[in-house]
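Please examine the sequence and the structure before reading the solutions.

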Amino acid sequence: MSEKKEKSAAKLLQEKLCMKRKNGLLKADEAVMEKTGVFCEGYKDFLDRSKTEREAVEYAVSAAEKKGYVPFKKGMALKAGDKVYYVNRGKAVILAVIGKKDISEGVHIAAAHIDSPRLDLKQNPLYEDNETAYFKTHYYGGIKKYQWTAIPLALHGVVIKADGTKVKITVGEDENDPVFCITDLLPHLAAAQMKRTPGELIKGEELNILIGSAPYKDDEISEKVKLNILSILNDKYGITEEDFLSAELEAVPAFKAKDIGFDRSLIGSYGHDDRVCAYTALEAILDCTDVSKTAVCVLTDKEETGSDGNTGLRSSYLKYFLYDLADCFGTDGRTVMSASECLSADVNAAFDPTFADVSEKNNSCFINKGVCITKYTGARGKSGTSDASAEFVGRIRQLMDKNNVIWQTGELGKVDAGGGGTVAAYIANLDIDTIDVGVPVLSMHAPFELVSKLDVYMTNRAFYAFLAE
Ligand code: MN
Ligand code: MN
């Protein structure tokens, strides 16, 4: 029999005083891993169904209605346990479960965004060049343009016709659908292209989507391929070229969400940023029935272009909703907001060993180490951040530990490497205590991004602990 070695005093002191940054997969027990697996199957299904902000809103509303949510109306009678939702122009949605405590004590808000980087069609997108038809695009959000060539693209969106009726278009998601593609230059002839700076490797005006090459059979007209495309679109959707003027059509990667790795520990997909936080927050509020403080979940639009516009969080729609909700209880909105707290949920950059030099290891988040809680974001000296107070970080830290949520901290890269912001600042500007939380992502903003399944589930647990508190 071997003698069990006693731990040295230094070892014991180290265990007591030093921070542990253990892999979450070594902390999570079998039951947690099983729940993680089940939760992530639902998440992958959501990703495949919700590639645009409009589709994410439809998904959220349909899931909410199944759980008894009803549309919010100004002045409606509300009591503890009631569930309401408010849709902002089909592109953002707020859900709320009324709590037992008086609303003047504040609400708990989970906020995430449901828009992702993509290629929007220009207003006059259709043209023919050398007997091939194309759509011109204007990219949406921060992308590395070269990543969007030579991959299958699907088209999602709406067209408002001259008579005002709306047609929904989704092409490229069904197994039997065609897909679309942006061509790139073959390496053999790319000597000049490869001398361009990386940002210009593919230029914005080169992101032209190939949509057809078959001519309309007629001898009299020119631009036969363009006419043929218009004829197909008119047969299928009843639209004309002019209808593109009042359309929102978004080209997104046509891939489906997939498990990544022999061990299936990760998920690869388009749009993890930020549907991973949207889904985890949505599922958390849908699980809430009996809450002490009113729980609110905001799924917003326009984060990727700076949160401007009336469906983005720089607008007043969240504030107005809270005002109207407060009104239902005879309280003023300002009192509610000042007493409220918010988890602003957005993805963070996971440490990537291949590109280690942009990260500062002690303050990076890592895949599989749980939900990332970030005190501040911003760039160039914390510009544009809300910077949560030590008190609020302390409160959330306690909440996570009490609920066995595996969590970590991390900022977005080295101090001078770049940076980024989230909607946290806009919510904090309403006098609401706000902190950033979210899922670490590899290849953020690429057409195919990677997250860890355990981190996804832990983010859901973090939201639930907060909203159901
Ligand atoms: Mn984001
Ligand atoms: Mn983003």
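The manganese ion (ligand 2) and the manganese ion (ligand 1) lie 3.2 Å apart, and aspartate 273 coordinates both. The model is predicted, with pLDDT of at least 70 required for local features and 80 or more for side-chain atom pairs, while totals for chains, interfaces and linings use all residues. Residues are numbered from 1 along each chain as its sequence is written, chains are lettered from A and ligands numbered from 1 in the order in which they are written, and side-chain values use heavy atoms, leaving out hydrogens and water.

**Exercise 1.** Determine which residues coordinate the manganese ion (ligand 2).

*Solution.* Donors are N, O and S atoms within 2.8 Å of the metal (3.2 Å for Na, K and Ca); water is not among the atoms, so sites may look incomplete. Step one: the list comprises Asp273 (OD), Glu304 (OE), Glu304 (OE) and His445 (NE2), at 2.0 to 2.6 Å. Step two: the sequence spacing of these donor residues is D-x30-E-x140-H. Step three: aspartate 273 belongs to helix α6 (residues 272–286), whereas glutamate 304 sits in the loop between β14 (294–300) and α7 (317–328), 31 residues apart. Here helices (H or I, at least four residues) and strands (E, at least two) are DSSP runs, numbered from the N terminus.

**Exercise 2.** Identify the protein donors of the manganese ion (ligand 1), and decide whether histidine 113 counts as buried or exposed.

*Solution.* Step one: His113 (NE2), Asp273 (OD), Asp346 (OD) and Asp346 (OD) lie 2.1 to 2.6 Å from the ion. Step two: the donor residues follow the spacing H-x159-D-x72-D. Step three: histidine 113 is in strand β4 (residues 107–113) and aspartate 346 in the loop between β15 (341–345) and β16, 233 residues apart. Step four: histidine 113 counts as buried because its relative accessibility is 2%; aspartate 346, with a relative accessible area of 8%, is buried.

**Exercise 3.** State which element gives the most to the lining of the largest pocket, and how the lining divides by class.

*Solution.* Step one: β21 gives the most, with three residues. Step two: the lining residues divide into 15 nonpolar, 20 polar and 10 charged. In this scheme Ala, Val, Leu, Ile, Met, Phe, Trp, Tyr, Cys and Pro count as nonpolar, Asp, Glu, Lys and Arg as charged, and the others, Gly among them, as polar.

Note on methods. Buried < 20%, exposed > 50% of the residue type's maximum accessible area, 1.4 Å probe, protein only.
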